[in-house]
Amino acid sequence: MNFDIVESFSQMVREKRLDKDMLVGIIEDVFSMMVRKKYGLEARFDVIVNMDKGEIEIYLEKEIVKEVEDPNLQIDLASVRKKTDEPLDVGDDYVEVIDLQSFGRRLIISAKQNLNQRIKEVEKEIIFNEYSNTIGEIIVGEIYQIRKNEILINHNRNELVLPKSEQIARERYRKGETIRAIVKEVRKGAASPVVVVSRADPQFLTKLFEIEIPEIYDGIIEIKGVAREAGERSKVAVISHDDRIDAVGACVGMKGVRIHAIVREMNNENIDVVNYSDNPTIYLQRALAPAKLKSTELDPETKRATIVVEKDQVSLVIGRNGLNIRLASRLTGFEINLIKEGVEEEYDMDLSEFREELGEPLLERLIEEGYTTARNVIEAPMDSLLEIEGLNVDKIGEMKAMMEKELEEADIDDDELQGSLIVTPTDAPDALLTGEPAMVQRPAGGSAGTAPEEESAAAPGAAEASESAAAPGPESGSGTDSEPDVDAPSGSKTAAADGETPGNESAEEEKSPKSA
């Protein structure tokens, strides 16, 4: 037994993840090529590979003749008598065992190169097939190299690529960290297959819901739609196939434990969970939560919706940088035409829009003291603000200046937008700010009033849990048995990593977004 060959075979099977029979076939093909190169294409031979014993034997058949014309295919009787005592005669076949050393250095090197090439081709095919079958599934790998436009991930000793376009905005990565991503694309490359993974794809959010929420994995709750701006905000529409289970409550979990696990994985991305409805009017109202709509007109054939809202609700409908209305349009598939009603009022923004700048503790203290909007803070006396823990004269001055700048920039954008605001499901993120095709100029008419003035409008904050009181229809079930404290209405709930979703909300709390 040749232990070196046995160990080499075993190492190839382990490291290259080759099938044992497949490796035997490759070795037989390589040695067959060597025999044909030396003895010609018409040579009759057998290659026997025994991986258990580490033996490779080549048997060459030659015809016994009186006069040899082709030494590669024929042998004379005298030579046969010298090599064997078998009673063979002219016309019989003589089987000769070929010594591997007789092939020479050049053929051996050629066979080695051919063997390596064949193994690489098989290995590439194995990797391609393996990841092609896992497209849409989450993998867990380790970051081993960070480049300017991409991150390389080690997964089962294979190199996966996370392009910058598939990364979550403002997410930081470190070498050696464990990372989860979804396999988005597999394509054949020159050297090896290119496996592209993503953390920004909506399917990644869908798979996280399946992992964290058993009811979705079991099919009791179904995800009907996902609209996502990676790193900013997402909307997920769910429906329960069991009347005893509330879809939104099961997704949020007791005290928000389920949804916050997903939010942390998504780098604190806001997630709105809404109940799906077959009624497009109700579905659209829930998708635009927490805003209250005055009237809604839908055209199912052209997939266009015209909504009328009061002046004070425009900021909630649009959301910061147009996120709320844009995601609602993508989620429902409707092109939304927003018309504003009401008298002109001074522009304002919800205080939760400044969650990142203020920080969660300070934001909660301000809201507890009754400061719910930016103008409340700007117009508040200095003495009143100094009574709040964590504030001093310098910090109050910086805070007011920052809010005034945000209001001024948003108001300038708003002054340029006169008429109706139209948002389509395919609008780019910057469409609402640049006045591109998403905006149309329309004169004010009837009771519709003038164009919305809130461009960079307030949306629910990073840790809020909001309900849509405007969404009609019956309440969903009473929640799962495992989540008795969750009271999820038929509206929507928004969660982020640092907050908690309240279990019960009063009627007054339903009128506006609230801090968790």
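Predicted model: local features only at pLDDT ≥ 70, side-chain atom pairs only at ≥ 80, totals over all residues.
Reader: Thanks. So is Arg-147 buried, partly exposed or exposed?
Author: Arg-147 has a relative accessible area of 40%, so the residue is partly exposed.

Reader: Which residue does Arg-147 form a salt bridge with?
Author: The partner is Glu-150, and the closest N and O atoms of the pair are 2.9 Å apart.

Reader: And how accessible is Glu-150?
Author: Glu-150 has a relative accessibility of 23% and therefore counts as partly exposed.

Reader: How many salt bridges does the structure hold?
Author: There are 28 salt bridges in the structure. One of them joins the side chains of Glu-177 and Arg-174, with an N to O distance of 3.6 Å.

Reader: Is Arg-174 buried or exposed?
Author: Arg-174 is exposed, because its relative accessible area is 52% and the class begins over 50%.

Reader: What about Glu-335, which residue does it pair with?
Author: Glu-335 forms a salt bridge with Arg-304, and the closest N and O atoms lie 3.8 Å apart.

Reader: Where do Glu-335 and Arg-304 lie?
Author: Glu-335 belongs to strand E15 (residues 335-341) and Arg-304 to strand E14 (residues 304-310), so this pair ties together parts that are 31 residues apart in sequence. As for accessibility, Glu-335 is partly exposed at 22%, and Arg-304 is partly exposed at 48%.

Reader: Changing topic, where is Arg-320?
Author: Arg-320 sits in the loop between helix H10 (314-318) and helix H11 (323-332).

Reader: What joins the side chains of Arg-320 and Glu-357?
Author: The two side chains are joined by a polar contact of 3.5 Å.

Reader: One last thing: how far is Arg-320 from Glu-353?
Author: Their C-alpha atoms are separated by 7.4 Å, while the two residues are 33 residues apart along the chain.

Notes:
Residues numbered from 1 in each chain as written. Heavy atoms only, no water. Helix = DSSP H or I, 4+ residues; strand = E, 2+ residues; numbered from the N terminus. Polar contact = N/O pair within 3.5 Å; in protein donor to acceptor, adjacent residues only side chain to side chain. Salt bridge = Lys/Arg side-chain N within 4 Å of Asp/Glu carboxyl O. Buried < 20%, exposed > 50% of the residue type's maximum accessible area, 1.4 Å probe, protein only.
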